[in-house]
Amino acid sequence: MEEITVQDTIICRCEEVMLSEIINQLESGSETTKELKLKTRAGMGMCQGRTCRPLLEQAVSFHTSNAIPCVSDLTYNTPIRPLALGELARYGKDL
Ligand code: FES
């Protein structure tokens, strides 16, 4: 049976980013979640970081010994899911 280590943990399931990649980036000098996002694509997947953002913030906090920020420095892109323009055009009329 193959041994699974902590570094085999998936941090971002949308972009398939492992904890080992996050640790490598932190050890290479990255100090913010934004840097990790840009270098690994963690947080750029379909869920836009809903799942992995807290994990990235915890990893940065642990590595830098800084408190987890109350307001994340990661941005979201909307709409999160594909939306037909027709649906968007009807949205205001139904209100
Ligand atoms: S889990 Fe990271 S973007 Fe979805």
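A residue is called buried here when its relative accessible area is under 20%, exposed when that value is over 50%, and partly exposed in between, with a 1.4 Å probe and protein chains only as the basis. The structure is a predicted model, in which local features need pLDDT of at least 70 and side-chain atom pairs count only at pLDDT 80 or more, while totals for chains, interfaces and linings use all residues. Residues are numbered from 1 along each chain as its sequence is written, and side-chain values use heavy atoms, with hydrogens and water left out.

Within H2, the residues Thr33, Leu36, Lys37 and Thr40 are buried. Viewed down the axis of H2, these buried residues fall within an arc of 100°, so they line one face of the helix, the arc being that of the directions from the helix axis to the C-beta atoms. The buried residues of H2 pack against strand S2, helix H1 (19-27) and H3, where contact means heavy atoms within 4.5 Å.

Lys37 is buried yet has no salt bridge, and the nearest side chain of opposite charge, that of Asp73, is 8.6 Å away. A salt bridge is defined as a side-chain nitrogen of Lys or Arg within 4 Å of a carboxyl oxygen of Asp or Glu. When neighbours within four places in sequence are left aside, Lys37 is in contact with Ala42, Gly43, Met44, Leu74 and Thr75.

How many salt bridges does a search of the whole structure find? The search finds one, and Glu15 forms a salt bridge with Arg41 in which the closest N and O atoms are 3.2 Å apart. This pair links distant parts of the chain, 26 residues apart, with Glu15 in the loop between strand S1 (10-12) and strand S2 (17-18) and Arg41 in the loop between H2 and helix H3 (53-64). Glu15 counts as partly exposed because its relative accessibility is 26%, and Arg41 is likewise partly exposed, with a relative accessible area of 42%.

Most residues other than glycine have a negative phi, and most peptide bonds are trans. Glu16, in the loop between S1 and S2, is not a glycine and yet has a positive phi of about 55°; at 62% relative accessibility, Glu16 counts as exposed. Gln48, which lies in the loop between H2 and H3, also has a positive phi of about 55° although it is not a glycine, but Gln48 is buried, with a relative accessible area of 10%.

Another loop residue is Glu31, which lies between H1 and H2 and counts as exposed at 53% relative accessibility. The C-alpha atoms of Glu31 and Ala59, which are 28 residues apart along the chain, are separated by 9.8 Å. Apart from neighbours within four places in sequence, Glu31 is in contact with Val60 and Thr64.

Conventions: Lys and Arg count as positive and Asp and Glu as negative; His and the chain ends are not counted. Helices (H or I, at least four residues) and strands (E, at least two) are DSSP runs, numbered from the N terminus.
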